[in-house]
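Me: I would like to learn how to read helix packing and chain contacts in a model. Please give the general idea and then the case at hand.

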Amino acid sequence: MAMIEVKDLRKRFGDHLAVDGLDFSVAAGEILGFLGPNGAGKTTTMRILTGYFPPSSGSATIAGHDVVDDPLAARRAVGYLPENVPLYVDMRVREYLDFVGGAKGLKGLEARRETKRVMEATGIADRAGQLIKQLSKGYRQRVGLAQALVADPPVLILDEPTIGLDPRQIVEIRSLIKEMAGSKTVILSSHILPEVAATCERVVIINQGRLVAQGPPSLLRPEQAGNSRLRLAALGDPARLLALLLDLPGVEGVHPEAAPADQPGVAVFSLTAAADPALRASLAKAVVESGAGLVELTPIAQSLEEVFVQLITSESAATAEAENSAGEDAA
Amino acid sequence: MSATAAIFRKEMRAYFCSPIAYVLWTCFVALTGYFFYSGLLYYSMASMQAMQQPWGVTLNLQEMLMAPLMSNWSVMLMLISPLLTMRLLSEEKRSGTIELLLSYPLSDASVVWGKFLAALTMFALILLPTLAQVAILFWLGQPHLPAILAGYLGLIFMGGAFIALGLLASALTENQIVSGVLSFVALLMLWVVGWSGNLVGGSLGEALKALALGPHFEGFPKGLIDTADVAYFILFIGFFLFVTIRTLEAKRWKA
């Protein structure tokens with residue numbers, strides 16, 4: 001069953017279309033990564049889902065409740081962590097969470113029980129009596145996560161939950177989120193790709209308010225790109241090596257690169273070649289048989305960021321093309 | 001219900017965790033103390049003179065001392081109220097906490113009511129020390145208790161009006177100072193708008209006089225609870241709270 005259902009969602013701010021016909025759904029218990037560059041419409045979509053403002057058109061339902069027609073029921077099903085974690089900094093952690101419990105409709109005793117539970121779940125029980133403004137960024141983030149968990153909503157919407165944290169804190173928050181897999185439906189927005197690849201079961205990529213791609217995180221893995229890139233370094237005459245490499249079947253492009261300053265006599269090339277292990281073996285064999293000393297042969301992994309940029313730019317190029325041809329047809 | 005209570009508690013806590021409550025309290029006690037002292041002195045002089053008159057004049061403690069004092073308080077409270085309300089919604093908007101608050105399953109009305117009741121309670125607490133002055137009067141003379149109670153009732157009604165208007169000002173801007181100035185100027189306008197009533201004349205003049213805040217309060221400290229005045233305050237409070245709730249809703253739609 002789809003816990004979150006977004007259909008043809010649009011949000012207009014004046015002339016600017018922040019979200020432009022977004023469609024996706026999230027199954028119960030799934031952790032969805034919501035990816036996109038800054039200004040892609042991630043926060044806008046999340047704000048619509050949490051009832052901060054309604055969509056201009058289209059619909060969004062949470063646990064079967066429409067966010068516009070049945071806002072209280074929809075909001076009862078959601079725990080939200082906004083990007084900049086706006087907390088009442090003059091309150092103490094325990095007081096704040098008690099307040100959140102009350103605001104979410106829990107009675108006094110229930111609220112205090114929830115406070116205890118979420119403080120333990122997020123590891124902030126030892127800071128219960130501290131003022132929020134005295135907490136470190138990492139602890140504030142945990143308090144933010146704790147308030148989202150109060151009243152045990154089935155859906156969590158987390159906007160950039162690890163932004164501004166140090167690496168150790170990032171790992172902690174991530175593992176907290178991963179622990180919820182199966183029991184909670186989570187939407188997690190981020191522009192840090194490895195994070196999404198590490199935490200999420202499925203990703204939705206948006207750009208300029210539109211869906212670019214969705215699928216498993218492997219969508220972002222470089223294997224998708226047909227050719228692989230290799231880096232080859234060898235001791236020998238650069239010109240002869242270049243000719244040799246160009247002659248090899250399966251090699252599609254060779255670019256000589258500057259030799260590292262601390263290794264004189266080493267010629268370095270970057271190659272574009274078919275992603276085939278046999279090719280790499282024959283490459284190494286050819287270099288060694290030519291009498292040159294093979295120093296290094298490394299596949300260059302295409303970074304997630306590169307894949308991401310490719311996905312986004314190819315999409316916008318495709319749309320630009322489509323628009324052009326549409327314009328020509330009209331003319 | 002529990003959401004309104006939670007917001008009420010949070011706002012009460014905020015008043016007492018900031019210096020605002022204590023500063024306002026001290027200032028109000030000092031000022032009303034001074035007015036009480038000078039008023040009492042003047043009254044005792046006047047009553048001394050009255051006693052020396054061959055024809056026996058009895059002065060009315062309520063009319064000559066309590067009513068003018070409460071009238072003074074009402075003006076002071078008008079100056080103080082914007083300071084109680086300017087933070088309420090502006091601060092939530094400026095710090096972004098409103099985004100989280102509105103993501104909870106509570107109605108906009110329960111947010112507004114929680115904040116209104118907290119500010120009104122604070123208003124009543126600021127008024128509390130004046131009971132000491134009433135106690136002194138009971139020790140020295142025989143003031144008319146029902147009239148004094150009516151006066152306090154009037155003050156609470158008026159405080160509700162000040163706060164409802166201030167809350168709307170606070171919903172309109174994310175700047176506390178702007179919110180405070182806005183509600184102060186609006187209250188002052190509503191206070192003095194009746195003065196021009198006689199000059200304007202006609203039905204417009206009557207309407208202006210009926211609109212003004214001050215005249216609707218004047219009956220209470222004299223022990224006069226007029227249903228017209230009570231209705232005025234209840235409508236005033238209801239109207240401004242309603243518009244505040246609508247403003248909050250409109251913010252959701254425009255955002």
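Reply: Helices (H or I, at least four residues) and strands (E, at least two) are DSSP runs, numbered from the N terminus. Chain A has 10 helices and 14 strands. This is a predicted model, in which local features need pLDDT of at least 70, side-chain atom pairs count only at pLDDT 80 or more, and totals for chains, interfaces and linings use all residues. Residues are numbered from 1 along each chain as its sequence is written, with chains lettered from A and ligands numbered from 1 in the order in which they are written.

Me: What radius of gyration does chain A have?

Reply: The radius is taken over C-alpha atoms, and the globule rule is 2.2 Å times the number of residues to the power 0.38. For a compact globule of 331 residues the radius would be near 20 Å, whereas chain A has 26 Å. The C-alpha trace of chain A spans about 80 × 60 × 35 Å along its principal axes.

Me: How many residues of helix α1 of chain A are buried?

Reply: A residue is buried if 20 or more other C-beta atoms lie within 10 Å of its own, exposed if 12 or fewer, and partly exposed in between, with C-beta atoms placed from the backbone. In α1(A), residues 42-49, eight of eight residues are buried; among them are K42(A), R47(A) and L49(A). Over chain A, buried residues make up 38% of the 331. After α1(A) comes G51(A), with a positive phi near 80°.

Me: At what angle do the axes of α3(A) and α5(A) cross?

Reply: Axes are lines fitted to C-alpha atoms, for helices over the stretch in contact, and angles run from 0 to 180 degrees between N-to-C directions. Angles under 35 degrees count as roughly parallel, over 145 as roughly antiparallel, 65 to 115 as roughly perpendicular and the rest as oblique. The axes of α3(A) (residues 93-103) and α5(A) (residues 137-149) cross at roughly 25° and come within 9 Å, and the two helices are therefore roughly parallel. A crossing is left-handed if the near helix is turned anticlockwise from the far one by less than a right angle, and right-handed if clockwise; that of α3(A) and α5(A) is right-handed.

Me: Which residues make this contact?

Reply: Two residues are in contact if their C-beta atoms, placed from the backbone, lie within 7 Å. Here V93(A), Y96(A), L97(A) and V100(A) of α3(A) meet V143(A), A146(A) and Q147(A) of α5(A). Ala, Val, Leu, Ile, Met, Phe, Trp, Tyr, Cys and Pro count as nonpolar, Asp, Glu, Lys and Arg as charged, and the others, Gly among them, as polar. By these classes the contact of α3(A) with α5(A) has six nonpolar residues, one polar and no charged.

Me: How does α3(A) pack against α4(A)?

Reply: The angle between α3(A) and α4(A) (residues 108-122) is about 125°, with the axes 8 Å apart, which makes α3(A) oblique to α4(A). Their crossing is right-handed. The contact residues include R94(A) and D98(A) in α3(A), and E110(A) and R112(A) in α4(A). This contact has four nonpolar, three polar and five charged residues.

Me: What is the angle between α3(A) and α1(B)?

Reply: These helices pack at about 150°, with axes 7 Å apart, and are therefore roughly antiparallel. F99(A), G102(A) and A103(A) of α3(A) meet residues of α1(B) including A3(B), I7(B) and K10(B).

Me: Which helix gives the most to the side of chain B that touches chain A?

Reply: In total, 22 residues of chain B contact 22 residues of chain A. On the chain B side, α1(B) gives the most, with eight residues. That side divides into 14 nonpolar, five polar and three charged residues.
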